[in-house]
Amino acid sequence: MTQVIDAAAPLWFYDFVSPFSYLLLEQHNKWPSVPFGLVPVSVAALYEHWAQRAAHEVPPKRVFVYRHALFRAEQLGIPFKMPPVHPFDSTKPLLLAAALEADLASVCAMFRFIWREGRDPSTPDGFADLCSHLGVPHGERLIEHEETKARLRRNIDDALVLDVFGVPTFRLHRQIFWGEDALPMMLYCARSPGWLESPEVRRISTLPKAPPAS
């Protein structure tokens, strides 16, 4: 039986297709010193559920996002090389991470294969090389197990129940912090969780929508 995510635990949701997930993981030394559960999810499935358009579907936004990722990498001093195509199908590496219940070192190695070496893990050769890089024999067979597929589906379902709408996303103290640039906010709230219960935060969190124009 696939285990349900512990909603009370610190969690980090990621997808290998996301350059910002890579950049945030490379800043792991800045994260709070608590054990985060690393949860692979399909960002495409999250977008579908929340009826969001992916950045690559808006041509000028796609260009900006790629430039911003490169800019952030250069500003942070993180090695960065885009894979040959983007978006690529991240299903295979996500399934592999789910099958392995991949720890920090393995997830980091997978991200670096894609975003440092600039490799596409969705191709047969790329995925075979990724498995070899991780020392995982028979990776193709491993990701075909129904239990592996069920685990990834469960991750996505649990993420949606927890209101996760994109990646990378931290969940800490039962609150959502989305995006690489939300790291300072998450760190502040880790130190001062009462801020989220302050009057102004509570007010803006429940603002009504204006009625549609007639």
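Trainee: How should I read burial here: at 17% relative accessibility, does Glu26 count as buried or exposed?

Mentor: Glu26 counts as buried, because its relative accessibility is 17% and buried means under 20% relative accessible area, exposed over 50%, and partly exposed in between (1.4 Å probe, protein chains only). The areas come from the Shrake-Rupley method with a 1.4 Å probe, and for residues only the protein chains shown count as cover. Before we go on, note that this is a predicted model, where local features need pLDDT of at least 70 and side-chain atom pairs count only at pLDDT 80 or more, while totals for chains, interfaces and linings use all residues. Residues are numbered from 1 along each chain as its sequence is written, and side-chain values use heavy atoms, leaving out hydrogens and water.

Trainee: Thanks! Which residue does Glu26 meet in a salt bridge?

Mentor: Side chains of opposite charge can pair when their charged atoms come close. The rule here asks for a side-chain nitrogen of Lys or Arg within 4 Å of a carboxyl oxygen of Asp or Glu. Glu26 meets Arg116 in this way, at 3.1 Å from N to O. Glu26 sits in the loop between α1 (19-25) and β2 (37-40), and Arg116 in the loop between α5 (104-115) and α6 (124-134), so the pair ties together parts 90 residues apart in sequence. Helices (H or I, at least four residues) and strands (E, at least two) are DSSP runs, numbered from the N terminus. Arg116 is partly exposed, with a relative accessible area of 31%.

Trainee: How many salt bridges does the rule give?

Mentor: The count comes to 13. Among them is the bridge of Arg119 with Asp129, whose closest N and O atoms are 2.6 Å apart. This pair links distant parts of the chain, 10 residues apart: Arg119 is in the loop between α5 and α6, and Asp129 in helix α6. Both are partly exposed, Arg119 at 26% and Asp129 at 35%.

Trainee: And what is the N to O value for Lys149 and Glu144?

Mentor: Their side chains meet at 3.3 Å. Lys149 is partly exposed at 27%, and Glu144 is partly exposed at 48%. Salt bridges can also share partners: Glu26, Arg112 and Arg116 are joined into one network that way.

Trainee: Which residues make the nonpolar surface patch?

Mentor: Met185, Tyr188 and Trp195 make a patch of about 290 Å². Patch residues have over 30% relative accessible area and no salt bridge; like charges are joined within 9 Å, and nonpolar side chains (Val, Leu, Ile, Met, Phe, Trp, Tyr) within 5 Å. Met185 lies in helix α9 (residues 183-191) and, at 40% relative accessibility, counts as partly exposed.
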